[in-house]
Amino acid sequence: MITASEREAFFQDKLIEKYGEEYGITTELLEKIDRGTATEEELNTYTRSADKMVVKFKQDMRATEPENYSVQDIEIVMAMIDANYLNFQNKDEPFSKVITESGIEYLLTDKSKNPTIRNFSASSRHSENLSPQQIVSQFGLDYEYEDNGEKVTPYLLKDGDNIQRQPFVYAMETPMNEGIKANAKLPIDPRIMERFEKMAEDNRIPSQTRKQAEDFLARNKDNFCLIVRNIEDKKRLEERLKQQDSKYEIISAQDAPYTGNTAPQHGTKLKSQDAYVDIVQEMFVTKPTEVSPGTKIYAKFPKKKVDAERADLPAGSKKVPIAEWDGENWKVIADEKKLKRNFKRTLDKYSDSVKEKLKKKTVSREQLKKWKKEGDPPQKPKELDNHIRKNRSKVVKRFQSGVSLLAKLRRRKKKQKTTANS
């Protein structure tokens with residue numbers, strides 16, 4: 001069994017193998033660091049270059065189609081997936097999903113079952129330091145779908161010829177539980193899966209590399225799900241898997257930009273913006289899975305005096321809790337003044353036309369409570385409940401007296417009927 005630290009070390013080695021020379025990280029420098037004889041300047045060089053190598057890999061992956069990945073690229077992808085998945089399984093980190101305002105309404109008014117999480121989601125640490133705009137690009141939320149013939153982009157707005165990312169988002173964050181760990185799979189583009197499989201069978205590459213691919217597939221055979229973009233892709237994939245006798249779960253996703261290389265691709269809408277995308281391990285929860293007590297819904301806003309759309313570094317966000325699940329009911333916890341203040345601050349920088357579109361996506365404490373009320377089962381007034389509890393013995397005695405009186409009346413009526421017949 002490979003440990004998490006061994007998997008991370010393997011990822012680091014493969015990254016250095018590909019980019020080390022370009023950024024001045026030599027074998028000699030690595031040996032010095034291992035022996036503890038590297039100077040402070042050499043350690044600084046290594047630290048600065050390590051960050052640059054990750055950025056370079058991320059940029060290369062976003063600009064390369066999976067069919068054109070090199071053997072080194074595939075090795076790095078496998079190493080990152082391995083390290084990230086082990087981290088996901090071993091740590092009880094909060095787990096998050098971005099939702100729309102209609103998603104909040106559905107959660108608060110749902111009368112039939114406990115709230116659940118499903119589909120694309122990720123450990124909260126992958127989004128906690130991002131601005132709302134960066135979250136949109138990081139998790140490929142610039143997708144598009146058709147609703148009654150109309151094209152809908154839930155997290156994008158048009159401002160003339162420009163496309164704007166929504167400057168606030170909502171997220172449901174749940175404490176980790178065993179159901180999520182069991183149902184959250186590694187989403188993989190079928191083209192990348194095919195590269196993994198070919199690497200495990202290719203006699204032209206070193207036997208050690210083939211063995212790494214074989215072990216990787218064996219370790220994760222129950223952890224993958226394959227993300228397809230259209231019905232034609234799905235049919236081709238089903239036929240190929242049938243011939244291979246493979247049983248990977250196949251998921252159809254709307255305009256899914258996710259490739260499963262841990263350097264997510266945003267969709268075509270943001271291609272020209274060079275929007276923020278970092279290396280993360282997004283997961284796919286394959287069936288509705290109950291969230292844990294303590295789950296909260298947040299509104300996330302950009303921080304003040306920060307470029308929320310920057311592409312190089314995380315820009316951070318302001319989190320405002322608006323509802324909490326206690327295991328039985330949702331409780332609205334939104335601070336109305338704080339919510340209004342942050343919405344106003346966020347919307348003020350936009351044109352009137354965009355502002356009007358954004359206002360339709362905002363929520364208020366009043367609206368949240370209205371949704372919540374619609375979802376609550378009927379309850380007797382608290383005052384009546386207290387009255388009954390305090391006067392329970394009197395109520396019981398009155399009930400018993402009533403039953404006794406009713407019995408007497410029935411006996412008298414029966415006696416009168418008998419007398420009349422005789």
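Predicted model: local features only at pLDDT ≥ 70, side-chain atom pairs only at ≥ 80, totals over all residues.

Q: Great, how many strands form the open sheet, and in what order?
A: There are 10, in the order β10-β9-β8-β11-β2-β1-β7-β12-β13-β14, with mixed pairing. Strands here are DSSP E runs of at least two residues, helices are H or I runs of at least four, both numbered from the N terminus, and two strands pair if DSSP finds at least two bridges between them.

Q: Which strands stand at the edges?
A: β10 (249-252) and β14 (330-332); each has a single partner strand, so one side of each is left without a neighbour in the sheet.

Q: And how do β12 and β13 pair?
A: β12 (residues 296-302) and β13 (residues 317-325) are antiparallel, over 7 bridges. Ala299 has Val320 in β13 as its bridge partner.

Q: Switching topic: what is Ile297 in contact with?
A: Beyond neighbours within four places in sequence, its contacts (heavy atoms within 4.5 Å) include Ile104, Met172, Ile322 and Trp330.

Q: How many residues are in the largest nonpolar core?
A: It has 72, and Ile297 is among those touching the most other members. Such a core is a set of buried Ala, Val, Leu, Ile, Met, Phe, Trp, Tyr and Cys residues joined through side-chain atoms within 4.5 Å; buried means under 20% relative accessible area (1.4 Å probe, protein chains only). Helix α4 (residues 71-90) gives the largest share, 9 residues.

Notes
Residues numbered from 1 in each chain as written. Heavy atoms only, no water. Buried < 20%, exposed > 50% of the residue type's maximum accessible area, 1.4 Å probe, protein only.
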